[in-house]
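Open the model in your viewer and keep the selection tool at hand. Each stop names what to select and then says what is there.

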Amino acid sequence: MVNPLPFMGHQGSPGHEGMSQMGLGMAIAATMVVLTMFQQFLFSHFGGYLERCLRKLVSSMDPYVQIRFTEESTDGGGPKNYEAYAAIETYLSSKCSAQAPRLKANSVRDINAPVLCVDDGEGVSDEFNGVTVWWHLGKEKDQGDIYRGSRRNRYYALTFRKKNRKMVVGEYVRHVMEEGKAVAASHRQLKLYSNSSSEHGAYWNYIMDFDHPAKFETLAMEKEKKEEIIDDLYRFSAGRDYYRRIGKPWKRGYLLYGPPGTGKSTMIAAMANLLSYDVYDLELTAVLSNAALKRLLNRIPCNSILVIEDIDCSSKITNQREMNNQDEDKTVKILEKVTLSGLLNCIDGLFSANDGGRLMVFTTNNVDALDSALVRRGRMDKHIPMTYCGFEAFTMLAKNYLRIEEHELFGRIEELLKGSSVTPADVAETLIERGGKAEDCGGEYYLNKLIRVLEENCEAKKSIGGEMLEKKGKGELENGECN
C-alpha cells in the first residue's frame with residue numbers, strides 16, 4: 001500500500017529527514033528567542049551596574065584626572081562660577097599665555113600692551129611644587145536653558161596625574177584663585193553693565209569700561225557728610241566676617257534723593273572708584289518677569305554696585321502691557337511683569353542672601369512717591385539727601401574749576417546761596433572755564449557771573465513766592481501745592 005504522506009516514512013526515508021531539519025530550525029529559533037529575552041532581562045536589571053563597573057575599570061586604568069571650571073552654570077553655581085573662571089583666565093594670562101600658539105588680546109586701562117589670554121581650543125601647561133598640570137580652554141553647547149537659548153558655555157579644563165590629586169585640589173587650585181585675583185586687582189579696570197531682554201529671558205550685557213573720573217575728593221558736598229559716607233563704605237567693604245557673625249546678608253542699600261542736578265550719578269561713580277566695584281545698571285522696564293529679575297540679581301558677582309536710577313518712575317511697576325498680533329488681528333494681553341513684591345523679595349528676601357559684598361544704590365527725585373516698604377531700613381539702609389548747592393559745596397567747585405580757595409566775592413556768594421535754589425550742576429556750568437579766561441582775570445569774571453545767576457534765582461523765588469501768597473489769599477491754591 002502506498003503511503004499518502006511521504007514525509008512520515010520510515011527512519012532513513014526522505015520524509016523523516018525533512019522533519020528532522022524542520023525541528024532543528026525550530027529549536028534554533030526558540031533558542032534565539034530565549035537568549036534575546038534573557039539578554040534583555042540581564043540588561044534591564046544589571047545594565048547600569050555593568051556600565052558602572054566598566055567605567056570604574058576604565059577610570060582605574062586612566063592615570064589622569066580632569067576638573068572643569070565653567071564660565072556659567074545652570075545648576076545654581078551663580079556668580080561664583082564666573083569669579084573662579086575669571087580668576088583662572090587672569091592667572092593663565094600672566095603665567096602661561098606665552099606657550100599657546102593662538103591668543104586673544106584684552107585691552108586694559110593704563111597699560112600700553114594688551115593683556116594676552118589663551119584662545120578658545122588652546123591649551124597650556126603649568127608647574128607648581130614640581131608637579132606639572134595642563135589647562136585647556138573649550139566650549140560646550142548649553143542645553144535646556146530657556147533664558148540663554150543656544151549660547152555656548154566656555155570652560156577651563158584642568159588635567160593632572162591621579163597621584164597628585166591631593167596636592168592639586170588642596171593647594172594648587174587655591175594658589176591659582178589667589179594669584180588670579182591678585183593680578184586682576186593690580187590692574188583693575190572697572191566695567192559698566194546693563195540688562196537686556198529677549199525671548200530667551202534677561203541677562204547682563206557689557207556696555208563699556210567704567211572710566212568715570214569722579215572722586216570723593218572733588219565731590220561738591222559738605223566735608224563732614226563726605227567723610228561719613230566714605231567711612232560707611234569702607235566699613236561695609238571690609239565687613240564680610242562681621243555680617244556673617246551677626247547673621248545678616250552682606251549687602252547694603254543706599255537711597256540718594258534730591259532734585260535733578262544735585263550729583264546723584266556722580267556720587268555713584270565716586271562710590272565705584274573708591275571701592276573698585278563694577279557697576280550694574282538695572283533698567284526695570286526691560287525686565288519681563290519676577291523670575292527674570294531674580295536671575296539677573298543672582299548673576300551679579302561679589303563686590304559690585306547694583307544701580308536702579310529714578311526708582312520713583314518705576315515704583316508702580318505692576319502694569320498690563322499689550323502686544324498686537326497682526327496675523328490674527330487681535331490683542332494679546334500680557335499680565336506678568338516685575339511687581340513691587342518681586343523687587344522687594346530680590347533686594348531683601350531669600351534671594352538677596354548671596355555671598356555678597358553687594359551695594360544697592362537707588363536714586364529718586366521724589367522720595368515721597370516711594371512705597372514705605374521699599375525705603376525702610378534693611379532695603380535702603382542709608383538715606384543720603386542730595387541738596388541744592390551750599391557754600392561749602394561751592395568752595396569745592398571753585399577750587400576744582402577755578403583753582404581759587406579764597407576770594408573777596410565769596411562773602412556775597414555765601415549770602416546769595418542761602419536764599420537761592422541752584423544745584424551744584426548749575427554752579428559748575430557757570431564756573432567752567434572756556435578759553436582760559438579764568439587765568440587772565442583770576443577767576444573774578446566767573447565769580448561775578450555766578451553772582452548774577454544767583455541774584456536772578458533769588459528774584460525768581462521771591463516772585464514765585466509772592467504769586468503763591470496772592471493765590472493763597474484768594475483761595476486759588478490746589479491741595480498739596482507749595483506746602
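Is Asp 231 buried, exposed or partly exposed? Asp 231 is partly exposed, because its relative accessibility is 39%. Here buried means under 20% relative accessible area, exposed means over 50%, and partly exposed lies in between (1.4 Å probe, protein chains only).

Two notes before moving on. This is a predicted model, with residues numbered from 1 along each chain as its sequence is written; local features need pLDDT of at least 70, side-chain atom pairs count only at pLDDT 80 or more, and totals for chains, interfaces and linings use all residues. Side-chain values use heavy atoms, with hydrogens and water left out.

**Stop 1: helix H4**

Select residues 223–237, which form helix H4. Helices (H or I, at least four residues) and strands (E, at least two) are DSSP runs, numbered from the N terminus. Show the side chains of Asp 231 and Arg 235. They form a salt bridge, with the closest N and O atoms 2.9 Å apart. A salt bridge is a side-chain nitrogen of Lys or Arg within 4 Å of a carboxyl oxygen of Asp or Glu. Both residues sit in H4, four residues apart, about one turn of the helix.

**Stop 2: Arg 412**

Now select Arg 412, in helix H11 (residues 410–418). Arg 412 is partly exposed, at 34% relative accessible area. Glu 455 counts as partly exposed, at 32%.

Glu 415 counts as exposed because its relative accessibility is 51%. Over the whole structure, a search finds seven salt bridges.

**Stop 3: a nonpolar patch**

Select Leu 24, Ile 28, Met 32 and Leu 35. Together they make a nonpolar surface patch of about 410 Å². Patches are made of residues with over 30% relative accessible area and no salt bridge; like charges are joined within 9 Å, and nonpolar side chains (Val, Leu, Ile, Met, Phe, Trp, Tyr) within 5 Å. Areas come from the Shrake-Rupley method with a 1.4 Å probe; for residues, only the protein chains shown count as cover. Ile 28 belongs to helix H1 (residues 14–61). Ile 28 is partly exposed, at 48%.

**Stop 4: strand E11**

Select residues 304–308, strand E11. Why is E11 largely enclosed by the rest of the structure? Five of its five residues are buried. Ser 304, Leu 306 and Ile 308 point one way, while Ile 305 and Val 307 point the other. In a regular strand the side chains alternate between the two faces of the sheet.

Now bring in the neighbours. Strand E10 (residues 278–281) runs parallel to E11, joined by four bridges. Two strands pair if DSSP finds at least two bridges between them. Find Tyr 280 opposite Leu 306. Strand E14 (residues 358–364) also runs parallel to E11, with five bridges. There, Phe 362 is the bridge partner of Ile 308.

**Stop 5: two cysteines**

Finish with Cys 302 and Cys 389. Cys 302 is buried at 18%, and Cys 389 is buried at 4%. The count of disulfides (pairs of cysteine sulfur atoms within 2.5 Å) is zero.
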